[in-house]
Amino acid sequence: MTEERVERFNLAERLGHWSHGISFVVLLLTGSALVFRGYASLIGPEGLRLFRSIHHVMAYPFTFLTVIILLFGTPRSTWQWLKECLTWGQDDFRFIAAFPREFFGLKVQLPEQGKFNAGEKLNSLLTIAGSILMAATGWILLLRDSVAPALVAWALPLHSAGALVMGGVILGHIYLALGHPNSRESINGMLSGKVAARFAREHHARWYRKLRAGEDQVKGQQKIA
C-alpha cells in the first residue's frame, strides 16, 4: 500500500533552498583554503588560485540568486515563511527547551508545531542573519581596494567568525535532515516537495490540520458547483 503524501514545498521554495545551500557549501570549502595554511599547502598554488576564483564567482549566486528565486518565484510562501519565523508563541519556546532531548535521541513529548517547527524557525533566522553578514563582509573584502582600510580590518574577522558559526549551523541542519531518525523524512520535502502524511501529522500538526481543512473546503465548494 502506497503511503499517503502531502505537498510541503513548491518548486521555487526548493530551488531557493538548494541554491543557497550549494553556494554556501562551495564558499565554505573554497574559503577555508584561503584561511587555513594547511589546506592551502595541500592544494598547492594553482589550486589556491582556482579556489579563490571559484570563491569570488560564487559570491554572486550566494548574494542574489536565492533572493531572486524566492521573491519572484514564490512571493506568497516566502512572506508566509518569514512571518512564521518571526512569530513565536509559548509552544515554540517549550519546543526549544525540550529539543535537546529529541536531538540526542531521548524520549520527549514535543508541543504541536506549524509548517516550520521552532528549531526550523531558529535555523532560518540564523541563516538569514548570517547570510547578510557574510554577503556584506564578503563584498567589502572583494572590493577592498575601493573601501576604507578600517572597514576591511573589521570585515575580515567578522567574515571568518560568521563562516564558523554558519558552518556549525549547516552541520546540525544536515544531521537532522539526513541522519536523525525522527526528522530525516523532511529531506523528501526538499527533494520532491512532498512528505509522508504521517510525518506531517506528527511533526507539524497545526499546519497539517490547516492543510486538510483547506482541502475539505475546496471539495465542498466543488460539490456545490
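## Salt bridges

Across the whole structure, a search finds 12 salt bridges, each defined as a side-chain nitrogen of Lys or Arg within 4 Å of a carboxyl oxygen of Asp or Glu. The model is predicted: local features need pLDDT of at least 70, side-chain atom pairs count only at pLDDT 80 or more, and totals for chains, interfaces and linings use all residues. Residues are numbered from 1 along each chain as its sequence is written, and side-chain values use heavy atoms, with hydrogens and water left out.

One of the salt bridges joins the side chains of K115 and E13, at 3.4 Å from N to O. K115 lies in the loop between α4 (90-103) and α5 (118-142) and E13 in helix α1 (residues 11-35), so the pair ties together parts that are 102 residues apart in sequence.

## Pairs within helices

In helix α4, D91 and R94 are 3 residues apart, about one turn of the helix. Their side chains meet in a salt bridge of 2.4 Å, N to O. D91 is partly exposed at 24% relative accessibility, as is R94 at 45%.

Helix α8 (residues 197-203) holds R198 and E202, 4 residues apart, about one turn of the helix. Salt bridges that share partners join E3, R5, E185, R198 and E202 into one network. Between E202 and R198 the closest N and O atoms are 3.5 Å apart. E202 is exposed, with a relative accessible area of 53%, whereas R198 is partly exposed at 35%.

I68 lies in helix α2 (residues 37-73) and is partly exposed, with a relative accessible area of 45%. Together with Y60, F64, V67, L71 and F72, I68 makes a nonpolar surface patch of about 660 Å².

T74 lies in the loop between α2 and α3 (75-85) and is buried, at 6% relative accessible area. Apart from neighbours within four places in sequence, T74 is in contact (heavy atoms within 4.5 Å) with N10, A12, E13 and I69.

## Overall architecture

The protein has 9 helices and 2 strands, taken as DSSP runs (H or I, at least four residues; E, at least two) and numbered from the N terminus. Their order from the N terminus is β-α-α-α-α-α-α-α-β-α-α. The C-alpha trace spans about 65 × 45 × 35 Å along its principal axes.

Of the 225 residues, 39% are buried. Among contacts with a separation of 6 or more, 69% come from residues 24 or more positions apart.

Notes: Buried means under 20% relative accessible area, exposed over 50%, partly exposed in between (1.4 Å probe, protein chains only). Patches are made of residues with over 30% relative accessible area and no salt bridge: like charges are joined within 9 Å, nonpolar side chains (Val, Leu, Ile, Met, Phe, Trp, Tyr) within 5 Å. Accessible areas come from the Shrake-Rupley method with a 1.4 Å probe; for residues, only the protein chains shown count as cover.
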